[in-house]
Amino acid sequence: METPLTANIRPGREPLDIAAYRKNGGYRAVQKALRSMAPEEVTGAVKDANLKGRGGAGFDAGQKWSLVPMGGNAHRPKYLVVNADEMEPGSFKDRLLMEGDPHQLIEGAILAAYAIQADAAFIFLRWEYRLAAGLLKQAIAGAYRSGFLGRNVLGSGYSLELNLHISGGRYMCGEETGMLNAIEGRRANPRSKPPYPQASGLWGKPTVVNNVETICNIPHIVNNGAGWFRGLSRTGEGGTKIYGASGRVRSPGAWELPMGTTLREILEEHAGGMQAGYRLRGLLPGGASTDFLTPAHLDVKMDFGSVETAGSRLGTGTVIVLDNRSCPVGMVLNLERFFARESCGWCTPCWGGLQFVAQLLTGIEAGQGRMEDIGLLERLAGMLAPGHTYCALAPGAAEPLASALRFFRDDFERHIREKRCPWRDA
Amino acid sequence: MLSDEEKEEINAAAAAYPVRQAAAIDALRIVQRRRGWVPDEAIAGVSEFLKMPAAELDGVASFYNLIFRRPVGRHVILVCDSVSCWLMKSDRLLERMSGILGVETGQTTADGRFTLLPSVCLGACDRAPVMMIDEDLHTDLDGENIDKILERYE
Ligand SMILES: Cc1cc2nc3c(=O)[nH]c(=O)nc-3n(C[C@H](O)[C@H](O)[C@H](O)COP(=O)(O)O)c2cc1C
Ligand code: SF4
Ligand code: FES
């Protein structure tokens, strides 16, 4: 089994410096692309690779790039933004990639920027990733010194400036248009689309935003080709995926596995199954803003299409496990409090709706709920669904809520009937 | 007002952007690193230096969780209260921290040593429950090790 993304990552040890990275074949893809491939060829290879964006929505990376205006008439400067915000609760995969192999991300960013002919690129990193910040700063300096960044990269005539932007801290910064505002020094409220960032992004100029893991795949696609990349996967969606698991499993962690690996394999083989004394009740397949799945879904293949068919979303691919000794209502309350706190307040259904949801759930969890609260929560979840709000935070908040009301309805009703949380005194 | 060193650092940060205002968040953090928090006179200083309205800058400062508009202790503790840590009993951890320090979340100890804040997911969910103190991540907090960890921060 090939694991290109983590091949250089040695747990508990410092990442490769630029010399060691290059010895392992690093920056060869930049040399290849800048010397022998037109930008459109790089985009073409990524398209053929069927690389779905790893930030959560699964948008086709090559297709996104092909929407950027090219040629002499295109507005300039153009920008690439690497989304390294990783604030989706339950997600820790981008941390692994940045702490483990920072040069891989830099190399991928150079290639992506070249493909869209960006003049400047930003890595937008959350402040809390202090280790990654130091490593990336060092890696960027090394890449400049070796001529992979700056003016006239490797004598190709292509120039690129790359800067690290450290976030002020807010979940909304991860939303791509909120991120553009954050980089411009504003509040991270989202922008209405269209226009899409590819046409009008940072300072009104063409901009592509891609997730860290998406970008880390690019050097391998350029080096080894689209066919090879598709062959890494067990399904039609190309590549490997960094999956993870947290909660009461024996060995929580993150692993690079073929795209389309089943939930069962991730949880039983890699996470080692449940801890002694705990049973699996449910799970969120890819972060806080995905619908619950149940033990009946363990054979679902973890790719974007299959998880959607199963009624949820792959999201970030880091699984959050609900065990039988944790209260499902308490878990949903924790999730909705997070969303309520992080809502930017731009649209009423989101801001007001989430406050109300959190209030109702607090009541139920405290044993003060009424049966009609369940219907009310269902209606609120409908109000938060796609189409009613500016950005995907509200729909994301609706997903675990609506699915919990479906799968754990008995538990909600029991709280209300017994006027207490059955888990509290247990 | 801003010191010369602060101005110099802010100018260096601003070089990354085509527009000066873009350095607003960097500037607020530069001030905060030196002063611990962002007082009103720093808002005035930065807004003048970056040529943006003070009210807008204040709006930016208050939007972000990690920009402090009120004084904090010498050390800031961020205890993760998001879902994976919750599943690993982070509420007990927060209670315990609160007990040891004698403050509620959001408060600073009387000796000005610690400020205790809840935090969204710190991206270390596989090592839950976790917290950060200043720039250090502390993981797998089972309750036993907390006193020892706190001792390291004077
Ligand atoms: C509230 C919210 C938070 C988000 N946070 C992140 C994040 O932390 N990292 C990320 O890559 N994408 C995040 N996204 C998705 C981005 O908007 C965007 O789809 C993604 O960065 C595109 O990259 P990709 O096409 O490579 O997946 C978030 C979306 C929303 C609505
Ligand atoms: S959905 Fe929520 S977070 Fe998104 S823009 Fe509206 S209020 Fe802000
Ligand atoms: S939920 Fe606590 S670190 Fe992610």
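User: Which residues touch the most other members of the 86-residue largest nonpolar core?
Analyst: Keep in mind that this is a predicted model: local features need pLDDT of at least 70, side-chain atom pairs count only at pLDDT 80 or more, and totals for chains, interfaces and linings use all residues. A nonpolar core is a set of buried Ala, Val, Leu, Ile, Met, Phe, Trp, Tyr and Cys residues joined through side-chain atoms within 4.5 Å; buried means under 20% relative accessible area, exposed over 50%, and partly exposed in between, with a 1.4 Å probe and protein chains only. In the largest core, the residues touching the most other members are Ile183(A), Met331(A), Phe339(A), Phe412(A) and Tyr64(B).

User: Which helix gives the most to this core?
Analyst: Helices here are DSSP runs of H or I with at least four residues, strands are runs of E with at least two, and both are numbered from the N terminus. With 8 residues, the top contributor is the helix spanning 328-342 of chain A, α13.

User: How many residues are in the second, separate core?
Analyst: In soluble globular proteins, nonpolar side chains tend to be buried together. Here a second core stands apart, and it includes Ala45(A), Leu111(A), Ala132(A) and Phe148(A). Its number of residues is 78.

User: Which residues does Phe339(A) touch, not counting those up to four places away in sequence?
Analyst: Contact means heavy atoms within 4.5 Å. For Phe339(A), the partners are Tyr171(A), Ala288(A), Ser289(A), Leu354(A), Leu393(A), Gly396(A), Ala397(A) and Pro400(A).

User: How are residues and chains labelled, and what percentage of chain B's residues are buried?
Analyst: Residues are numbered from 1 along each chain as its sequence is written, chains are lettered from A and ligands numbered from 1 in the order in which they are written, and side-chain values use heavy atoms, with hydrogens and water left out. Chain B has 154 residues, and the buried share of them is 55%.

User: In what order do the elements of chain B run from the N terminus?
Analyst: There are 7 helices and 4 strands in chain B. Its C-alpha atoms fill a box of roughly 50 × 30 × 25 Å along the principal axes. Reading from the N terminus, the order is α-α-α-α-β-α-α-β-β-β-α.

User: How far apart are the centres of the positive and negative side chains in chain B?
Analyst: Lys and Arg count as positive and Asp and Glu as negative, leaving out His and the chain ends; each charge is placed at NZ of Lys, CZ of Arg, CG of Asp or CD of Glu. Chain B has 17 positive and 26 negative side chains. The distance between the centres of the two sets is 1 Å.

User: How many disulfides does a search of the whole structure find?
Analyst: A disulfide is a pair of cysteine sulfur atoms within 2.5 Å. Over all chains, the count of disulfides is 0.

User: Is Trp203(A) buried or exposed?
Analyst: Trp203(A) has a positive phi of about 45° although it is not a glycine. Its loop runs between α8 (176-183) and β4 (207-211) of chain A. Because its relative accessible area is 19%, Trp203(A) is buried.

User: What is the C-alpha distance between Ala199(A) and Val68(A)?
Analyst: Ala199(A) lies in the loop between α8 and β4 of chain A and is partly exposed because its relative accessibility is 42%. Although Ala199(A) and Val68(A) are 131 residues apart in sequence, their C-alpha distance is 6.3 Å.

User: Which residues does Asn189(A) contact, leaving aside neighbours within four places in sequence?
Analyst: Asn189(A) is in the loop between α8 and β4 of chain A, and its 9% relative accessibility is why Asn189(A) counts as buried. Its contacts are Thr177(A), Gly178(A), Asn181(A), Cys344(A), Trp346(A) and Phe63(B).
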